[in-house]
Amino acid sequence: MLSMKCPSAVSSVIILVTTLVGCQSNMQKQVKTITESIYGMIGNNEVKQFTIRNTNGMIVNVLNYGGTITDVIVPDRNGNPGNVVLGFDNLEGYLRTENPYFGCLVGRYANRIANAQFSLNGQPYKLSANNNGHSLHGGERGFNKVLWDAEILSDSSLQLTYLSPDGEEGYPGNLNVKVILTVTSKNEIILDYTATTDKPTPVNLTSHSYFNLSAGKSPTILDHELIIRSEKLTAVNNELIPTGKFDWTLRTPFDFIEPKRIGEEIAEVAGGYDHNYVLLPAEELPAQAAELHDPLSGRTLTLFTTEPGIQFYSGNFLDGTLTGRGGQVYQKHAGLCLEPQHFPDSPNQPAFPNTILQPGEVYRQTSIYRFSVR
């Protein structure tokens with residue numbers, strides 16, 4: 001024990017402790033939870049990958065190309081990390097025409113617009129047709145195929161911005177879009193979307209990740225259990241275009257109000273699930289919209305959103321011709337999408353919730369993807 005009669009020794013201890021604390025503080029400041037690297041080139045433009053980590057070991061990789069989430073690594077019930085989204089090993093995979101929107105941001109209008117056209121204030125607009133004569137996910141060159149401006153906002157948040165010029169893919173107005181992606185200590189990915197325009201224009205934005213919570217240990221998601229807080233969906237024709245009517249889902253193969261294995265009744269759904277579910281009203285937003293659970297790994301994804309609908313797509317068009325990350329062949333139902341959104345073809349369906357953004361207004365949407373285990 002130091003005697004109070006030895007001030008020099010006490011001073012030395014104080015200096016040593018202060019130095020150690022200062023060093024530790026500096027070390028903490030030097031730890032970066034968002035790192036940036038070059039992922040590839042498109043012409044003379046660098047495609048950058050941003051890696052976001054939290055203190056639980058969760059890792060999310062995002063490209064400025066298409067705002068693409070390439071990796072979401074979270075632990076299973078035994079603490080083993082695994083990548084729960086489908087994707088490719090390199091940029092060339094994401095540039096392929098066969099890329100089925102793996103992990104990207106989609107817009108200016110997510111989902112389908114019938115016959116690639118709509119009228120607004122008496123003015124007809126013809127859009128880029130890229131899906132059986134219809135417009136899908138913004139057209140031939142939607143937001144999934146552009147380079148976004150990226151800015152690191154904090155140790156957990158990345159901001160992506162894009163100016164969609166007047167007339168792009170046939171849409172009116174200069175649309176300024178901003179998406180802030182945040183990874184939280186709760187193992188959440190939060191996507192906050194905002195947009196403004198100088199002309200009236202339809203806007204419907206979403207993220208298009210394909211989830212397989214087994215992290216590839218199961219080749220399909222048919223044994224995943226799903227809940228969707230919905231009792232009806234927007235009825236569609238054989239080209240997946242809304243008819244303007246609604247179908248009740250209760251006690252049908254489309255019913256996921258209670259937990260149900262995805263493969264349980266999928267054979268009774270022509271082509272598989274690819275439908276917009278109308279979410280139940282909620283007192284507070286964002287509200288819980290869906291929950292996905294993989295009994296094999298214990299991983300659970302809970303989705304919250306401010307949007308009125310969610311597209312459940314069971315990976316029906318994956319057919320074994322795509323080889324993804326680590327040489328894995330993506331067969332039918334290898335992953336599924338849960339896409340928070342407004343309803344498909346809303347510009348042509350006056351009974352659907354409005355999707356027309358006016359000058360002076362701000363489009364806002366928030367969706368939260370929370371990962372846990374049980």
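Glu36 is partly exposed, with a relative accessible area of 44%; here buried means under 20% relative accessible area, exposed over 50%, and partly exposed in between, for a 1.4 Å probe and protein chains only. This is a predicted model, in which local features need pLDDT of at least 70 and side-chain atom pairs count only at pLDDT 80 or more, while totals for chains, interfaces and linings use all residues. Residues are numbered from 1 along each chain as its sequence is written, and side-chain values use heavy atoms, with hydrogens and water left out.

Stay with Glu36 for a moment, and look for its partner. Glu36 forms a salt bridge with Lys48, with the closest N and O atoms 3.1 Å apart; the term stands for a side-chain nitrogen of Lys or Arg within 4 Å of a carboxyl oxygen of Asp or Glu. Lys48 is partly exposed as well, at a relative accessible area of 26%. Glu36 belongs to strand 1 (residues 34-42) and Lys48 to strand 2, so the pair ties together parts that are 12 residues apart in sequence. Strands (E, at least two residues) and helices (H or I, at least four) are DSSP runs, numbered from the N terminus.

As a reminder, strands of a sheet pair through backbone hydrogen bonds, either parallel or antiparallel. Two strands are taken to pair if DSSP finds at least two bridges between them.

With strand 2 (residues 45-53), strand 3 pairs in the antiparallel sense over five bridges.

Next comes strand 4. Strand 3 and strand 4 (residues 69-75) are joined in the antiparallel sense over four bridges, and Asn61 stands opposite Asp71 in strand 4. The hairpin of strand 3 and strand 4 also has five residues between the strands, with Gly66 at a positive phi near 70°.

Now back to the charged pairs, where the count comes to 10 salt bridges. One of them brings together the side chains of Arg141 and Glu168, at 3.5 Å from N to O. This pair links distant parts of the chain, 27 residues apart: Arg141 is in the loop between strand 10 (135-136) and strand 11 (149-152), and Glu168 is in the loop between strand 12 (157-164) and strand 13 (175-183). Arg141 counts as partly exposed at 42% relative accessibility, whereas Glu168 is buried at 13%.

Another pair spans 182 residues of sequence, from Glu188 in strand 14 (residues 188-197) to Arg370 in strand 29 (residues 363-373). The closest N and O atoms of this salt bridge are 2.7 Å apart. Arg370 is partly exposed, with 31% relative accessibility, while Glu188 is buried, with a relative accessible area of 6%.

Let us end with the pockets. On a 1 Å grid over the protein atoms alone, a pocket is an open set of points where a 1.4 Å probe fits, with protein on both sides within 12 Å along at least five of seven lines, and lining residues have an atom within 4 Å of a point. Grid points are joined across faces, edges and corners, and a volume is the space filled by probe spheres set on the points. The largest pocket holds about 830 Å³ of space. It is lined by 36 residues, and the closest to its centre are Glu98, Asn99, Pro100, Tyr101 and Leu136. Helix 2 (91-95) and strand 24 (309-313) are the elements that give two or more residues to this lining. The second largest pocket has a volume of about 190 Å³.
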